[in-house]
Amino acid sequence: MGKKERYIIDDENENTLTMGINSAKMVLEKAGLSGEDIDMIVFSTQVLERTLPTNATYVHNAIDARKDTMVFDTNANCAEMTTSVEIVSRYMMASPWVNRALVIGSDANSLISNPDQEITYANFSDASASIILEKTEENTGFFDAIYDVDSSNKENISFPQDGFSKTIGKVEHIVFLPFDGSAPVPDACVMIDKLLERNKLSIEDIDSFCFFQFALTNILKIQKHFSIQDEKIVYVGDKYGYTTTSSPFVSLYEGVKTEKIKRGDKYYFGLSERVMKWVLCYLNIRGLRTAWWWSPQNAIVLLCR
């Protein structure tokens with residue numbers, strides 16, 4: 001799996017929502033903005049602290065956002081924050097009223113990891129990433145995305161296993177059934193080719209690759225297939241574990257920090273997950289400002305503008 005270190009919360013008052021609020025506050029501070037400047041708040045998570053009201057509502061209150069700010073939660077499992085960035089980007093392109101959006105990806109995975117299954121208990125970790133998307137007239141930002149869904153494997157990873165209707169009052173952990181984690185690699189290669197072709201690009205045109213950090217072996221197979229140079233791939237799974245929804249954004253942060261990713265770069269977000277869905281997003285960075293915060297709330301703060 002390629003993991004050496006990981007971070008989990010060790011405070012009973014810490015959770016998905018508190019991490020998300022803290023990363024949201026820090027990215028606003030880093031950008032020199034306040035809640036008043038945000039037109040949309042999207043909270044992406046698969047380990048929800050709240051179902052009613054939305055987690056985004058709590059962020060709205062914490063940052064003193066305006067009453068006319070749009071708020072909602074998303075859940076596309078590991079792909080949720082990447083999917084949210086695409087949804088929000090397309091909404092901003094269509095709406096003249098949304099100029100800045102705050103997207104938060106936060107999962108306290110240790111709260112549901114199964115101590116009897118090493119694939120989640122030793123591999124998953126806790127983190128939050130926040131990003132501010134800003135409308136600009138420049139030819140940068142979100143360009144395209146592509147999806148692949150295999151719903152036949154819907155029971156491979158589940159929580160709660162029997163659904164909420166049969167789980168209320170019970171202690172549950174995530175169920176992660178054994179499966180071939182490398183099986184999606186050929187599909188991923190086809191998707192990358194398709195995305196490149198329809199945007200009139202070659203693999204050499206992409207400056208950086210921020211893959212999901214679930215398994216190093218899958219990243220290496222994709223790298224070998226396309227002959228991608230080592231310096232173009234930002235791997236952080238050995239340092240932070242698999243943070244699920246935020247993992248490509250943790251990778252992006254590390255790429256900026258180490259100057260592997262610079263202003264004007266083209267980069268890919270890619271998902272390697274067999275259960276349900278894949279998503280690949282292609283973006284161009286106009287400018288980057290980043291901040292880092294891990295302890296005690298284990299939050300990652302990221303601004304891509």
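1. In which sense do S1 and S2 pair, and over how many bridges? The two strands run parallel, and five bridges join them. Two strands count as paired if DSSP finds at least two bridges between them, while helices (H or I, at least four residues) and strands (E, at least two) are DSSP runs numbered from the N terminus. Across this pairing, Met40 stands opposite Met70 in S2.

2. A word on the source before going further. This is a predicted model, in which local features need pLDDT of at least 70 and side-chain atom pairs count only at pLDDT 80 or more, whereas totals for chains, interfaces and linings use all residues. Residues are numbered from 1 along each chain as its sequence is written, and side-chain values use heavy atoms, with hydrogens and water left out.

3. Now the whole sheet. It is open, has four strands in the order S2-S1-S3-S4, and its pairing is mixed. Strand S2 (70-74) and strand S4 (126-134) are the edges, each pairing on one side only. From one strand to the next the twist averages 15°. Axes here are lines fitted to C-alpha atoms, for helices over the stretch in contact, and angles run from 0 to 180 degrees between N-to-C directions. H1 packs on the sheet, where it touches S1, S3 and S4, and its direction makes about 40° with that of S4. Contact means heavy atoms within 4.5 Å.

4. The largest nonpolar core has 17 residues, of which Ile41, Val59, Ile63, Leu102, Ile104 and Ile132 touch the most other members. Such a core is a set of buried Ala, Val, Leu, Ile, Met, Phe, Trp, Tyr and Cys residues joined through side-chain atoms within 4.5 Å; buried means under 20% relative accessible area, exposed over 50%, and partly exposed in between (1.4 Å probe, protein chains only). At least two core residues come from each of helix H1 (16-31), strand S1 (40-44), helix H2 (55-62) and strand S3 (100-108). H1 gives the most, with six residues.

5. Leaving aside residues up to four places away in sequence, the contacts of Leu102 include Ala24, Val27, Ile41, Val59, Ile63 and Ile132. There is also a second, separate core of 16 residues, with Val185, Ile192, Leu196 and Phe209 among them.

6. On to the aromatic residues. Rings of Phe, Tyr and Trp (its six-membered ring) pair if their centres lie within 6.5 Å; planes under 30 degrees apart count as stacked, over 60 as edge-to-face and the rest as tilted. Phe124 is in the loop between helix H4 (118-121) and S4, and Tyr242 in the loop between H7 and helix H8 (247-257), so the pair ties together parts 118 residues apart in sequence. Both residues, Phe124 and Tyr242, are buried. Phe209 and Phe211 are stacked, because their ring centres are 5.7 Å apart and their planes at 10°.

7. Please check the backbone at these places. The peptide bond between Leu52 and Pro53 is cis, with omega about -10°, and Pro53 sits in the loop between S1 and H2. Asp64, not a glycine, has a positive phi of about 55°; Asp64 lies in the loop between H2 and S2 and is exposed at 57% relative accessibility. Ser227 also has a positive phi, near 55°, and is exposed at 63%.

8. Lastly, the structure holds five salt bridges, each a side-chain nitrogen of Lys or Arg within 4 Å of a carboxyl oxygen of Asp or Glu. Arg66 and Asp39 form one, with the closest N and O atoms 2.7 Å apart. Asp39, Arg66 and Asp68 are linked in a network of salt bridges. Arg90 and Glu86 form another at 2.6 Å, N to O; they are four residues apart in helix H3 (residues 80-94), which means a separation of about one helical turn. Glu134 and Arg100 meet at 2.9 Å, N to O, and link strand S4 with strand S3 across 34 residues.
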